Amino acid sequence: QVQLVQSGGGFVQAGGSLRLSCAASGDPFTTGAMAWFRQGPGSDRDFVAAIRWSDGHKSHAESLKGRFTISRDRAKNTIYLDLNNLRPEDTAVYYCAGNNRGQPILSTMWTRQYYDYWGQGTQVTVSS
């Protein structure tokens with residue numbers, strides 16, 4: 001069993017930066033993947049970024065490349081999401097997700113259904 005605990009987020013003006021963290025406890029991650037999704041008001045929960053645990057391969061949503069970056073501290077079983085040059089349309093609840101099984105291909109890592117574990121969500125609000 002895995003628990004994901006998120007921290008970070010908050011309120012920021014457009015152009016600002018934030019860092020989100022997600023720490024996994026319980027069964028350690030040696031394989032599988034961890035990811036970030038976000039859900040804006042009245043929207044679906046969309047893929048933001050993912051990292052495959054075995055080799056550290058990263059994938060970012062095309063529309064967010066260059067502004068958002070996923071990283072990890074393998075020893076701490078923790079992932080991070082650096083959000084830069086934030087825009088009002090980035091306002092959403094951000095969720096981390098994890099699955100500690102298998103060797104997912106990229107397209108699998110992009111899908112919500114792959115992930116067994118979810119963090120509690122953290123609000124990011126960007127003002128104009």
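Predicted model: local features only at pLDDT ≥ 70, side-chain atom pairs only at ≥ 80, totals over all residues.

Modeller: In it, Ile79 touches Leu20, Ser21, Cys22, Met34, Ala35, Trp36, Ile51, Trp53, Ile70, Ser71, Arg72 and Cys96, leaving aside residues up to four places away in sequence.

Colleague: Is Ser21 buried or exposed?

Modeller: Ser21 lies in strand E3, which covers residues 18–26. Its contacts beyond four places in sequence include Trp36, Ile79 and Tyr80. The relative accessibility of Ser21 is 17%, and the cut-off for burial is under 20%. Ser21 is therefore classed as buried.

Colleague: Which residues touch the most other members of the largest nonpolar core?

Modeller: This core has 37 residues. Strands E1 (2–8), E3, E4 (33–39) and E8 (78–83) are among the elements that give two or more residues to it. The residues that touch the most other members are Met34, Trp36, Ile79, Leu81, Tyr94 and Tyr115.

Colleague: Which strands stand at the edges of the open sheet of 4 strands?

Modeller: The strand order is E1-E3-E8-E7, with antiparallel pairing. An edge strand here has a single partner, so one of its sides is left without a neighbour in the sheet. From one strand to the next, the twist averages 20°. The strands at the edges are E1 and E7.

Colleague: What is the bridge partner of Thr69 in E8?

Modeller: Strands E7 and E8 pair in the antiparallel sense, over 6 bridges. In E8, the residue bridged to Thr69 is Asp82.

Notes:
Residues numbered from 1 in each chain as written. Heavy atoms only, no water. Buried < 20%, exposed > 50% of the residue type's maximum accessible area, 1.4 Å probe, protein only. Contact = heavy atoms within 4.5 Å. Core = buried A, V, L, I, M, F, W, Y, C linked by side-chain atoms within 4.5 Å. Pairing = 2+ DSSP bridges. Axes fitted to C-alpha atoms, helices over the stretch in contact; angles between N-to-C directions.
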